Amino acid sequence: MLSSPFITTPTSVNQIMLRVLLALIPGIALYVWYFGPAILVSITLASITALATEAVMLKLRDRPIKPFLSDHSALLTAWLLALSIPPLAPWWLVVVGTAFAIVVAKHLYGGLGSNAFNPAMIGYAVLIISFPAHMTHWLTPHALGGIELDFAQQLSYIFHGTLPAGLTLDAVTMATPLDTLKTQLHLGLSVSEIRDMPIYGRLAGHGSEMVALGFAIGGLYLLFTRIISWHLPLVYLGTLFAVAGIFHVFDPTHYVTPLFHWFSGAAMIGAFFILTDPVTSPTTAKGKIIFAAGAALLTYLIRVFGGFPDGMAFATILMNICVPLIDLYTQPKVFGKKDGLL
Amino acid sequence: MITALWVMIALAALLGLVLGFSAVRFKIEGNPLVEKIDAVLPQTQCGQCGYPGCKPYAEAIAKGEADINLCPPGGDDGIHKLADLLGVEYKPFGGDAKPKAKAVAFIDEQTCIGCTLCIQACPVDAIVGAAKQMHTVIASECTGCELCLPPCPVDCISMPAIEERLTDWKWKHPVITLRKIA
Amino acid sequence: MRTLHHFHGGIHPTSHKSLSTHQSIARAPLPKSLVIPLRQHAGEAAKPCVNVGDHVLKGQRIGTPSATLSSSIHAPTSGTIASIALHQIAHPSALPDLCITLIPDGKDTWIKREAVDFLALSANEMQQHLRDFGIVGLGGATFPSDLKLRHPIKVDTLILNGAECEPYITCDDMLMRERASEIVRGIVILRHALEAGEVLIGIEDNKPEAIAAMHEAVSAAQLDYAVVAVPTIYPGGSAKHLIKVLTGLEVPSGKLPTDIGVQCFNVATALSIKRALDDGEPLISRIVTITGNVEHPRNYEALIGTAFSDLIDLSVAKRDTNRYIMGGPMMGVVLPAVNVPLVKSSNCVIAASDTLFPPAPPALPCIRCTRCAQVCPAELQPQDLYWFAKSNNFGKAQEYSLADCIECGVCAYVCPSHIPLVQYYRYAKSEIRERSAEKLAADKARERHEYRQFRIEREKQEKAEKLAQREAASKAAAVVAPSTPSVDDTQQIRINEAIERAKAQAAEAHPKNTDALTPEQQAEIASIEARRAKIRELATDAGADDEPHKTS
């Protein structure tokens, strides 16, 4: 280095990203445990696509490939995207989503550090808007004892689109617990009636609640190793709890418990892994609080009153838009410029 | 139909009156844009832009008669500032205009004949001397405009570039090597 | 027990201080020559007040203050002034500065040293004394100490800075261990000069020996000074941050500590103040730590002007040493050459190798992780400042308080993208400085130009008036006078005459010293002759050209 400081910490971007990937593993493990190994196929597909498109984009942009490819940021985008789309989907769905995330949402905005929106969420948004039908067929957890495809049959569907004779896609998949809740509420059922359905477990969706728990455990690891700051996840979950709590207390027959909101959909993975993307979240402490609270509020509103089953992705993207403004208006006072000084 | 017409006419008349009144009442002396442009210009008064000084150039820019890329002493940075101020696209230097290293005039006192022509040419009164007396440049006031060069009958004025000194040394923009060039 | 406060951020780098504290301070031998820069303090360089060839005594003044913000320079030993010339100094620019070279006579003869009773001195006399004795802050900023006593505001708290927070540096630590009583004596003088209320001596708690020594010295002198162990955290030795830790007060941005009733001195400065008054010795030596990649890291008391290479030879640099850093690893500068002289601000030289300070991996883009903002002691947003500095958006950088950056380097230390952040800030700061200077110059030029226009206009008017008067007068006399040649014409005639005269002179004057010339000299004469010929030619042209020159 040309000038001081001459010493640095060994922490590097790729280490941070690697730790975040590591923190996703408990959630993925529980996913496999409850829903089978199909998710690993989409994670692998997404990873390969991400690395390949990243390399191509770096080449096109005339950037050095090795240091940027080994920063693991593309991998993280791939994993987060793979985890937010149904595992039993045609292979091209995950490939298109990942490629869009890397090419458009990341590199066309200037690559690592310059993207305004969370690439994984943009990829998700593109898929759910363009291919809504494919995005609603989720695997049923083993414990429900329904008809399930074995791994070979799943692979055959993913890569060839063929199902075993006599089975339809609807027979072997289900809607997400949040989606089901919304549909059933529209049909006039009460929350308690819906919650008695077999797909629901103790807190939220059977199986999916445990996956969310897995993500929470990974998130707490990130929190305690100070990879992420407490502001975003705690304020997000806190606000979501508070808003859901108010509605639930007000009308428990139409509004589910706050814990249900915590443990269903993308709330947990979002709180710890998606909102906390440093590039697309505010830099100031106050800004982070506003950002997280806004995202929680939007998530709740979209989930309960909006047209999409889950609101995490759109809430994140909408709040991403506000980041520059939030940062501008939440600049902290610097040393020696605090109120009350001379 | 007729009512609408009358309403429109009345409105137009009223607004015209308001505008006319404010034009008289809130009249601003001079052109504030000229002042702003002039503030950005380096004040060398060198005339290299083709106008007889910075203020006339500023006026020309404000009227839209002159381009923003005609001021060599202002450098590339100056064009950027003008572009920002006027909300127009940045333009690189056109024609022969090129930024130059900063320099101050220096009179070779052995050759100077004391003709006072350079004193009359200097736009900022940075040359001292009297008829038949040797002249000299007040280096701290010299803007490096080179206007004193052409009138000198004995070519005794040179423009040595200002060298970097310890007191005005600057840290450079860090260069990050993305890829080693073999 | 005093309640301590804390400041935002800070880091805990490995200290490496024990390397150089095993051995006591050694006196460096008298070098063969001393190169003494005239700019060793904040502000203007001193004016040399000796001539080449003069014999000077140890402690004799050789440079006098040239401005208010300036200080004196003294001969570190007796000897002869060999030169007053540009010499490379310890500056990152590698540009030379004016230095006085002194060849010691080996006798080390002092000037007459007189102790001064500081109690008998007025405030002004005290300041003048320190100014004459070249006392400047030895903590690094080298701000003239006399100016720190000048402030008229009452000082409630006098703080002595013995924090020494940067890794590797141990000169203040060893000074406190070995010369605590002298430091305390210096504090007595300072407290008297400032009429300060309480005295706090802040030392980081990783220096227990220094704390104990200072404690002992304070109680031996039966004083009520508080020796306070402050938490070890970088940059806890920054004056503003030490003040915050000890008093809880924040020095407002752009203000001085005295504005909040606090004044802060480095412990080594206190000692040099004691020497100046009690012993009549000016500031001609300092303690410097030689450490890092050397066989025998140690502290030396060395004369100002000693080449760093002499000191490093005493400690023996290891073979893989490839550069030397003056100062600590967080804020130091790479020496442009190893033979540059020691100055009043040189607290430490670290021999560095790629194993000791591995070169940083290539910088990646900023991911806005805000680790830098979390550690920034100035509570800035380094990631934003970086963005503005990089894109030359200096106005925005100033808006985000770039000026409050203390360049401590913690942001770059924690940056996971390994961006040389401080370098960007230094760049932006020097650009901002230059631009404001340019703006001032432009404003001045505009003013001068406008005045000139006004003057020309006025002269024209006056001339017109005179002409009108004259015409009126001549009309009254009813005499038609032939028109006088215009001013421009007479001037032109005069110029032509002058040119003719110059030509004639040149033709007449025949040089008498043109015998036995070297080829170079002949070539030079030829070129000068050519130029003269050209001038003559031009002069004829100018004479032929009647058109008055456009000057407006």
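# A tour of the aromatic pairs, interfaces and cysteines

A search of the whole structure turns up 20 aromatic pairs over all chains. A pair here means rings of Phe, Tyr or Trp (its six-membered ring) with centres within 6.5 Å; planes under 30 degrees apart are stacked, over 60 edge-to-face, and the rest tilted. This is a predicted model, in which local features need pLDDT of at least 70 and side-chain atom pairs count only at pLDDT 80 or more, while totals for chains, interfaces and linings use all residues. Residues are numbered from 1 along each chain as its sequence is written, chains are lettered from A and ligands numbered from 1 in the order in which they are written, and side-chain values use heavy atoms, leaving out hydrogens and water.

**Stop 1: chain A aromatics**

Select Tyr200(A) and Phe260(A). Their ring centres are 5.7 Å apart and their planes meet at 45 degrees, so the pair is tilted. The two link distant parts of the chain, 60 residues apart. Tyr200(A) is in the loop between helix H10 (191–195) and helix H11 (208–224), and Phe260(A) is in helix H13 (residues 258–263). Helices are DSSP runs of H or I, at least four residues, and strands are E runs of at least two, numbered from the N terminus. Both Tyr200(A) and Phe260(A) are buried (under 20% relative accessible area; exposed is over 50%, partly exposed in between; 1.4 Å probe, protein chains only).

Next, select Phe247(A), Tyr255(A), Tyr300(A) and Phe305(A). They form one aromatic cluster.

**Stop 2: chain A against chain C**

Show both chains. Here 40 residues of chain A are in contact with 52 of chain C (contact means heavy atoms within 4.5 Å). About 3900 Å² is buried between them, 60% of it from carbon and sulfur atoms. Buried area is the accessible area (1.4 Å probe) that two parts lose on being put together, summed over both. Now pick Phe6(A), Ile7(A) and Phe335(A). In chain A, these lose the most area to chain C, together 21% of what that side buries.

The rule finds four salt bridges across this interface (a side-chain nitrogen of Lys or Arg within 4 Å of a carboxyl oxygen of Asp or Glu). Glu250(C) forms a salt bridge with Lys338(A), with the closest N and O atoms 2.9 Å apart.

**Stop 3: chain B against chain C**

The buried area is about 3800 Å², with 58% from carbon and sulfur atoms. Leu166(B), Lys170(B) and Trp171(B) lose the most area on the chain B side, together 19% of what that side buries.

Stay on Trp171(B). The charged end of Arg426(C) sits over its ring, 4.8 Å from the centre (NZ of Lys or CZ of Arg within 6 Å of the ring centre and within 35 degrees of the ring normal). Nine salt bridges cross between chain B and chain C. Asp38(B) forms a salt bridge with Arg446(C), its closest N and O atoms 3.0 Å apart.

Then select His449(C), in helix H13 (residues 421–477) of chain C. His449(C) counts as buried, because its relative accessibility is 10%. Beyond neighbours within four places in sequence, His449(C) is in contact with Gln45(B), Pro123(B) and Val124(B).

**Stop 4: cysteines**

How many disulfides does a search of the whole structure find? Zero, over all chains (the cut-off is a pair of cysteine sulfur atoms within 2.5 Å). Select Cys156(B): its sulfur is 3.7 Å from the closest cysteine sulfur, in Cys152(B), too far for a bond. Cys156(B) is buried, at 6% relative accessible area.
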